[in-house]
Amino acid sequence: MNTTAAGDDASLRLRAAAHEHGLRLRGLAAEHERAEHVPSEVYQALAADGLMAVHLRPELGGAGRPVMDYAHAMMAIGAGCASTAVTMAVTNMVGEVLAAFAHPEVSARECPRLAAGGLGAFGLSETNAGSDPAGMRTRATPVDGGYRLDGDKQWISHGDRASVLVVWAKTERGISCFAVPGETPGISVVRKEDKLGLRASATCALALEDVRVPATALMGEDGRGFRVAMMALDGGRIGIASQAIGIAEGALAVLSDHVRSARPGQLADFAVADARTRLDAARLLVESAAGLKQRGVPFTREASMAKLFATESAQRVCDAAAELVPASHPGRATVERSQRDVRVTRIYE
(Lines give C-alpha, C1' and ligand atoms only; values in the text may rest on other atoms or scores of the structure.)
Protein backbone atom coordinates (compact mmCIF):
# COMPACT_ATOMS: atom_id res chain seq x y z
CA MET A 1 0.00 0.00 0.00
CA ASN A 2 1.47 3.34 -1.04
CA THR A 3 1.47 6.06 1.57
CA THR A 4 2.35 9.71 1.49
CA ALA A 5 5.07 11.20 3.62
CA ALA A 6 2.37 12.64 5.87
CA GLY A 7 0.84 9.17 6.18
CA ASP A 8 4.24 7.75 7.11
CA ASP A 9 4.65 10.47 9.74
CA ALA A 10 1.23 9.64 11.16
CA SER A 11 2.17 5.97 11.36
CA LEU A 12 5.41 6.79 13.12
CA ARG A 13 3.59 9.01 15.62
CA LEU A 14 0.98 6.36 16.41
CA ARG A 15 3.56 3.59 16.79
CA ALA A 16 5.77 5.81 18.94
CA ALA A 17 2.79 6.66 21.15
CA ALA A 18 1.97 2.96 21.52
CA HIS A 19 5.59 2.25 22.46
CA GLU A 20 5.54 4.97 25.15
CA HIS A 21 2.25 3.70 26.54
CA GLY A 22 3.65 0.16 26.55
CA LEU A 23 6.68 1.23 28.58
CA ARG A 24 4.47 3.08 31.05
CA LEU A 25 2.11 0.13 31.37
CA ARG A 26 5.01 -2.24 32.02
CA GLY A 27 5.55 -0.45 35.31
CA LEU A 28 1.84 -0.61 36.19
CA ALA A 29 0.96 -4.15 35.09
CA ALA A 30 1.65 -5.78 38.45
CA GLU A 31 -0.48 -3.19 40.22
CA HIS A 32 -3.30 -3.70 37.71
CA GLU A 33 -3.13 -7.46 38.23
CA ARG A 34 -3.30 -7.14 42.03
CA ALA A 35 -6.24 -4.74 41.79
CA GLU A 36 -7.89 -6.86 39.07
CA HIS A 37 -8.69 -3.60 37.34
CA VAL A 38 -7.24 -1.22 34.76
CA PRO A 39 -8.33 2.36 35.53
CA SER A 40 -10.48 4.15 32.97
CA GLU A 41 -7.81 6.85 32.78
CA VAL A 42 -5.52 4.35 31.05
CA TYR A 43 -8.00 3.80 28.22
CA GLN A 44 -8.68 7.50 27.94
CA ALA A 45 -4.94 8.13 27.57
CA LEU A 46 -4.73 5.46 24.86
CA ALA A 47 -7.76 7.01 23.17
CA ALA A 48 -6.13 10.44 23.15
CA ASP A 49 -3.44 8.98 20.90
CA GLY A 50 -5.91 7.16 18.65
CA LEU A 51 -5.22 3.68 19.99
CA MET A 52 -8.76 2.69 20.93
CA ALA A 53 -10.01 3.22 17.37
CA VAL A 54 -6.94 2.83 15.19
CA HIS A 55 -8.64 1.79 11.96
CA LEU A 56 -11.90 3.74 12.32
CA ARG A 57 -12.51 6.57 9.86
CA PRO A 58 -11.80 10.05 11.26
CA GLU A 59 -15.41 11.12 10.70
CA LEU A 60 -16.36 8.44 13.26
CA GLY A 61 -13.75 9.70 15.69
CA GLY A 62 -11.03 7.19 14.76
CA ALA A 63 -7.40 7.61 13.85
CA GLY A 64 -7.96 6.31 10.30
CA ARG A 65 -4.70 4.40 10.31
CA PRO A 66 -3.87 1.18 8.42
CA VAL A 67 -4.17 -2.32 9.85
CA MET A 68 -0.37 -2.59 9.99
CA ASP A 69 -0.23 0.30 12.45
CA TYR A 70 -2.84 -1.42 14.60
CA ALA A 71 -0.87 -4.68 14.67
CA HIS A 72 2.33 -2.94 15.75
CA ALA A 73 0.46 -0.89 18.35
CA MET A 74 -1.05 -4.07 19.80
CA MET A 75 2.43 -5.61 20.09
CA ALA A 76 3.66 -2.58 22.01
CA ILE A 77 0.71 -2.49 24.42
CA GLY A 78 0.81 -6.29 24.85
CA ALA A 79 4.45 -6.05 25.92
CA GLY A 80 3.40 -3.62 28.65
CA CYS A 81 0.12 -4.96 30.03
CA ALA A 82 -1.70 -7.87 28.43
CA SER A 83 -4.97 -7.05 30.21
CA THR A 84 -4.96 -3.55 28.76
CA ALA A 85 -4.11 -4.98 25.35
CA VAL A 86 -7.08 -7.36 25.23
CA THR A 87 -9.45 -4.50 26.06
CA MET A 88 -7.86 -2.39 23.35
CA ALA A 89 -8.18 -5.29 20.89
CA VAL A 90 -11.85 -6.00 21.56
CA THR A 91 -12.76 -2.31 21.49
CA ASN A 92 -11.01 -1.80 18.16
CA MET A 93 -12.80 -4.90 16.80
CA VAL A 94 -16.22 -3.71 17.99
CA GLY A 95 -15.59 -0.30 16.45
CA GLU A 96 -14.83 -1.86 13.08
CA VAL A 97 -17.97 -4.01 13.24
CA LEU A 98 -20.12 -0.99 14.07
CA ALA A 99 -18.58 1.04 11.26
CA ALA A 100 -19.16 -1.74 8.74
CA PHE A 101 -22.61 -3.00 9.71
CA ALA A 102 -24.46 -0.71 12.13
CA HIS A 103 -27.22 1.67 11.15
CA PRO A 104 -25.62 5.08 10.38
CA GLU A 105 -27.32 6.66 13.39
CA VAL A 106 -25.91 3.95 15.64
CA SER A 107 -22.35 4.07 14.30
CA ALA A 108 -22.38 7.88 14.45
CA ARG A 109 -23.36 7.67 18.13
CA GLU A 110 -21.32 4.70 19.36
CA CYS A 111 -18.05 4.83 17.42
CA PRO A 112 -16.98 8.23 18.79
CA ARG A 113 -17.69 6.93 22.31
CA LEU A 114 -15.24 4.08 21.70
CA ALA A 115 -12.68 6.38 20.12
CA ALA A 116 -12.85 8.59 23.22
CA GLY A 117 -12.07 5.75 25.63
CA GLY A 118 -15.35 3.89 26.00
CA LEU A 119 -15.11 0.11 25.85
CA GLY A 120 -16.73 -2.22 23.36
CA ALA A 121 -17.77 -5.79 24.23
CA PHE A 122 -18.29 -8.76 21.91
CA GLY A 123 -21.32 -10.84 22.91
CA LEU A 124 -21.17 -14.00 20.78
CA SER A 125 -20.24 -16.93 23.05
CA GLU A 126 -22.62 -18.80 25.34
CA THR A 127 -22.06 -21.73 27.70
CA ASN A 128 -23.26 -24.20 25.05
CA ALA A 129 -22.27 -22.10 22.05
CA GLY A 130 -18.60 -21.18 22.20
CA SER A 131 -17.01 -22.42 19.00
CA ASP A 132 -20.45 -23.62 17.80
CA PRO A 133 -22.71 -20.58 17.36
CA ALA A 134 -25.45 -22.84 16.02
CA GLY A 135 -26.10 -23.84 19.63
CA MET A 136 -26.97 -20.27 20.58
CA ARG A 137 -30.03 -19.87 22.82
CA THR A 138 -30.27 -16.09 23.19
CA ARG A 139 -33.42 -14.95 21.39
CA ALA A 140 -34.39 -11.67 19.73
CA THR A 141 -38.15 -11.34 19.60
CA PRO A 142 -39.78 -8.62 17.46
CA VAL A 143 -41.77 -6.10 19.51
CA ASP A 144 -43.37 -2.81 18.65
CA GLY A 145 -40.62 -0.58 17.28
CA GLY A 146 -37.75 -3.02 17.72
CA TYR A 147 -36.64 -6.20 19.50
CA ARG A 148 -36.56 -7.81 22.93
CA LEU A 149 -33.39 -9.74 23.77
CA ASP A 150 -33.42 -12.56 26.30
CA GLY A 151 -30.64 -15.02 27.12
CA ASP A 152 -27.15 -15.38 28.53
CA LYS A 153 -23.67 -14.60 27.25
CA GLN A 154 -20.43 -16.11 28.53
CA TRP A 155 -16.72 -15.12 28.55
CA ILE A 156 -17.38 -11.47 27.71
CA SER A 157 -14.23 -9.38 28.14
CA HIS A 158 -14.93 -6.26 30.27
CA GLY A 159 -18.66 -6.93 29.92
CA ASP A 160 -19.12 -5.19 33.26
CA ARG A 161 -17.97 -1.79 31.96
CA ALA A 162 -18.73 -1.74 28.23
CA SER A 163 -20.25 1.39 26.72
CA VAL A 164 -21.63 -0.69 23.85
CA LEU A 165 -22.03 -4.43 23.27
CA VAL A 166 -22.37 -6.22 19.95
CA VAL A 167 -24.78 -9.06 20.77
CA TRP A 168 -25.74 -12.06 18.66
CA ALA A 169 -29.17 -13.64 19.08
CA LYS A 170 -31.48 -15.99 17.19
CA THR A 171 -34.43 -14.62 15.27
CA GLU A 172 -36.91 -16.53 13.10
CA ARG A 173 -34.53 -16.09 10.17
CA GLY A 174 -31.40 -17.32 11.94
CA ILE A 175 -28.56 -15.70 13.87
CA SER A 176 -28.74 -11.91 13.89
CA CYS A 177 -26.52 -9.20 15.34
CA PHE A 178 -27.47 -6.16 17.43
CA ALA A 179 -25.74 -3.05 18.79
CA VAL A 180 -26.74 -2.64 22.43
CA PRO A 181 -25.65 0.36 24.55
CA GLY A 182 -24.13 -0.85 27.81
CA GLU A 183 -26.54 1.23 29.90
CA THR A 184 -29.61 -0.49 28.41
CA PRO A 185 -31.90 -1.82 31.19
CA GLY A 186 -32.00 -5.60 31.56
CA ILE A 187 -28.26 -6.31 31.19
CA SER A 188 -26.70 -7.70 34.36
CA VAL A 189 -23.39 -9.30 35.35
CA VAL A 190 -24.02 -12.81 36.66
CA ARG A 191 -20.42 -13.68 37.43
CA LYS A 192 -16.82 -12.57 36.96
CA GLU A 193 -14.51 -15.48 36.21
CA ASP A 194 -11.58 -16.25 38.52
CA LYS A 195 -8.87 -16.66 35.90
CA LEU A 196 -5.25 -17.77 35.65
CA GLY A 197 -4.19 -14.78 33.57
CA LEU A 198 -5.45 -11.41 32.29
CA ARG A 199 -6.75 -10.85 35.78
CA ALA A 200 -6.95 -7.08 35.31
CA SER A 201 -9.51 -7.56 32.54
CA ALA A 202 -12.82 -8.86 33.88
CA THR A 203 -14.30 -11.79 31.96
CA CYS A 204 -18.02 -11.84 32.65
CA ALA A 205 -21.10 -13.95 32.33
CA LEU A 206 -23.98 -11.67 31.37
CA ALA A 207 -27.73 -12.12 31.62
CA LEU A 208 -30.06 -10.38 29.16
CA GLU A 209 -33.60 -10.13 30.47
CA ASP A 210 -36.21 -8.15 28.55
CA VAL A 211 -33.52 -5.97 26.95
CA ARG A 212 -35.35 -3.62 24.57
CA VAL A 213 -33.58 -2.17 21.55
CA PRO A 214 -34.95 -0.20 18.59
CA ALA A 215 -35.15 -1.61 15.08
CA THR A 216 -32.04 0.40 14.18
CA ALA A 217 -30.03 -1.79 16.58
CA LEU A 218 -30.08 -4.63 14.02
CA MET A 219 -26.68 -4.81 12.31
CA GLY A 220 -26.67 -6.04 8.73
CA GLU A 221 -29.52 -8.23 7.58
CA ASP A 222 -31.85 -10.21 9.82
CA GLY A 223 -30.57 -13.79 9.93
CA ARG A 224 -27.14 -12.91 8.49
CA GLY A 225 -25.34 -12.23 11.75
CA PHE A 226 -22.98 -15.18 11.45
CA ARG A 227 -21.23 -13.41 8.55
CA VAL A 228 -20.73 -10.37 10.79
CA ALA A 229 -19.15 -12.54 13.49
CA MET A 230 -16.76 -14.26 11.07
CA MET A 231 -15.66 -10.95 9.58
CA ALA A 232 -14.97 -9.60 13.06
CA LEU A 233 -13.06 -12.68 14.20
CA ASP A 234 -10.87 -12.70 11.08
CA GLY A 235 -9.61 -9.24 11.98
CA GLY A 236 -9.58 -10.13 15.66
CA ARG A 237 -7.06 -12.90 15.00
CA ILE A 238 -4.57 -10.32 13.73
CA GLY A 239 -5.01 -8.38 16.97
CA ILE A 240 -4.64 -11.42 19.24
CA ALA A 241 -1.61 -12.68 17.34
CA SER A 242 -0.07 -9.25 17.86
CA GLN A 243 -0.99 -9.28 21.54
CA ALA A 244 0.68 -12.67 21.98
CA ILE A 245 3.86 -11.45 20.31
CA GLY A 246 3.91 -8.45 22.62
CA ILE A 247 3.46 -10.57 25.74
CA ALA A 248 6.30 -12.85 24.66
CA GLU A 249 8.53 -9.88 23.84
CA GLY A 250 8.16 -8.77 27.45
CA ALA A 251 9.26 -12.20 28.71
CA LEU A 252 12.09 -12.38 26.18
CA ALA A 253 13.45 -9.00 27.29
CA VAL A 254 13.84 -10.37 30.83
CA LEU A 255 15.41 -13.61 29.60
CA SER A 256 17.84 -11.70 27.38
CA ASP A 257 18.85 -9.47 30.29
CA HIS A 258 19.49 -12.55 32.43
CA VAL A 259 21.62 -14.13 29.70
CA ARG A 260 23.67 -10.95 29.22
CA SER A 261 24.30 -10.40 32.92
CA ALA A 262 24.64 -13.93 34.31
CA ARG A 263 25.94 -15.87 31.28
CA PRO A 264 24.17 -19.07 32.42
CA GLY A 265 25.44 -21.14 29.50
CA GLN A 266 24.82 -22.33 25.97
CA LEU A 267 21.33 -23.67 26.70
CA ALA A 268 20.10 -20.20 27.59
CA ASP A 269 21.83 -18.73 24.51
CA PHE A 270 19.99 -21.24 22.32
CA ALA A 271 16.70 -20.41 24.04
CA VAL A 272 17.11 -16.70 23.26
CA ALA A 273 18.03 -17.46 19.64
CA ASP A 274 15.04 -19.77 19.23
CA ALA A 275 12.71 -17.22 20.81
CA ARG A 276 13.95 -14.39 18.61
CA THR A 277 13.55 -16.54 15.49
CA ARG A 278 10.01 -17.59 16.39
CA LEU A 279 8.81 -14.10 17.27
CA ASP A 280 10.32 -12.54 14.15
CA ALA A 281 8.66 -15.24 12.02
CA ALA A 282 5.36 -14.67 13.81
CA ARG A 283 5.65 -10.94 13.21
CA LEU A 284 6.10 -11.54 9.47
CA LEU A 285 2.98 -13.73 9.39
CA VAL A 286 1.00 -11.03 11.18
CA GLU A 287 2.27 -8.37 8.80
CA SER A 288 1.33 -10.56 5.83
CA ALA A 289 -2.25 -10.95 7.09
CA ALA A 290 -2.48 -7.27 7.99
CA GLY A 291 -1.23 -6.30 4.55
CA LEU A 292 -3.92 -8.39 2.86
CA LYS A 293 -6.66 -6.90 5.02
CA GLN A 294 -5.27 -3.45 4.37
CA ARG A 295 -5.56 -4.02 0.60
CA GLY A 296 -9.12 -5.28 0.92
CA VAL A 297 -8.44 -8.82 -0.29
CA PRO A 298 -9.38 -12.09 1.49
CA PHE A 299 -7.16 -12.78 4.50
CA THR A 300 -9.00 -15.43 6.53
CA ARG A 301 -6.39 -18.14 5.98
CA GLU A 302 -3.44 -15.87 6.60
CA ALA A 303 -4.96 -14.40 9.78
CA SER A 304 -5.63 -17.89 11.09
CA MET A 305 -2.08 -19.01 10.28
CA ALA A 306 -0.62 -15.95 11.97
CA LYS A 307 -2.79 -16.42 15.05
CA LEU A 308 -1.89 -20.11 15.35
CA PHE A 309 1.85 -19.65 14.92
CA ALA A 310 2.14 -16.46 16.97
CA THR A 311 0.26 -17.77 19.99
CA GLU A 312 1.97 -21.17 20.01
CA SER A 313 5.36 -19.48 19.64
CA ALA A 314 4.57 -16.93 22.34
CA GLN A 315 3.63 -19.69 24.77
CA ARG A 316 6.91 -21.46 24.02
CA VAL A 317 8.92 -18.28 24.59
CA CYS A 318 7.18 -17.52 27.90
CA ASP A 319 7.66 -21.11 29.07
CA ALA A 320 11.38 -20.95 28.24
CA ALA A 321 11.77 -17.69 30.14
CA ALA A 322 9.97 -19.18 33.15
CA GLU A 323 12.34 -22.16 33.12
CA LEU A 324 15.56 -20.16 32.79
CA VAL A 325 15.07 -16.85 34.63
CA PRO A 326 15.84 -17.39 38.34
CA ALA A 327 13.63 -16.25 41.20
CA SER A 328 16.31 -13.75 42.21
CA HIS A 329 16.05 -11.80 38.95
CA PRO A 330 14.11 -8.50 39.32
CA GLY A 331 12.09 -9.34 36.19
CA ARG A 332 10.95 -12.74 37.44
CA ALA A 333 7.45 -11.43 38.29
CA THR A 334 7.09 -10.13 34.72
CA VAL A 335 7.99 -13.55 33.34
CA GLU A 336 5.50 -15.30 35.58
CA ARG A 337 2.74 -12.86 34.66
CA SER A 338 3.55 -13.28 30.96
CA GLN A 339 3.32 -17.05 31.28
CA ARG A 340 -0.13 -16.71 32.90
CA ASP A 341 -1.39 -14.10 30.46
CA VAL A 342 -0.22 -15.72 27.22
CA ARG A 343 -2.09 -18.99 27.76
CA VAL A 344 -5.50 -17.65 26.74
CA THR A 345 -4.24 -16.24 23.43
CA ARG A 346 -4.21 -19.82 22.13
CA ILE A 347 -7.90 -20.14 23.01
CA TYR A 348 -9.91 -17.03 22.24
CA GLU A 349 -10.59 -15.68 18.73
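Predicted model: local features only at pLDDT ≥ 70, side-chain atom pairs only at ≥ 80, totals over all residues.

Me: How many disulfides does the count come to?
Reply: A disulfide requires two cysteine sulfur atoms within 2.5 Å. The cysteine sulfur closest to that of Cys111 belongs to Cys177 and lies 13 Å away, too far for a bond. For Cys204 the closest cysteine sulfur is that of Cys81, at 16 Å, which is also too far for a bond. By this rule the count is zero disulfides.

Me: Is Cys111 buried or exposed?
Reply: A residue counts as buried when its relative accessible area is under 20%. The value for Cys111 is 0%, so Cys111 is buried.

Me: Is Cys204 buried or exposed?
Reply: The cut-off for a buried residue is under 20% relative accessible area. Cys204 has a relative accessibility of 0% and therefore counts as buried.

Me: Which element gives the largest share of the lining of the largest pocket?
Reply: The largest pocket has a volume of about 850 Å³. Among its 33 lining residues, the closest to the centre are Ser125, Trp155, Ile347, Tyr348 and Glu349. Two or more lining residues come from each of helix H5 (82–101), strand E1 (120–123), strand E3 (146–157) and helix H7 (225–262). The largest share, five residues, comes from H7.

Me: How many residues of the lining of the largest pocket are nonpolar?
Reply: The lining divides into nonpolar, polar and charged residues. Eight are polar and seven are charged. The nonpolar residues number 18.

Notes:
Residues numbered from 1 in each chain as written. Heavy atoms only, no water. Buried < 20%, exposed > 50% of the residue type's maximum accessible area, 1.4 Å probe, protein only. 1 Å grid on protein atoms, 1.4 Å probe; cavity = no way out; pocket = protein on both sides within 12 Å on 5 of 7 lines; lining within 4 Å. Points joined across faces, edges and corners; volume = space filled by probe spheres on them. Helix = DSSP H or I, 4+ residues; strand = E, 2+ residues; numbered from the N terminus. Nonpolar A, V, L, I, M, F, W, Y, C, P; charged D, E, K, R; others polar.
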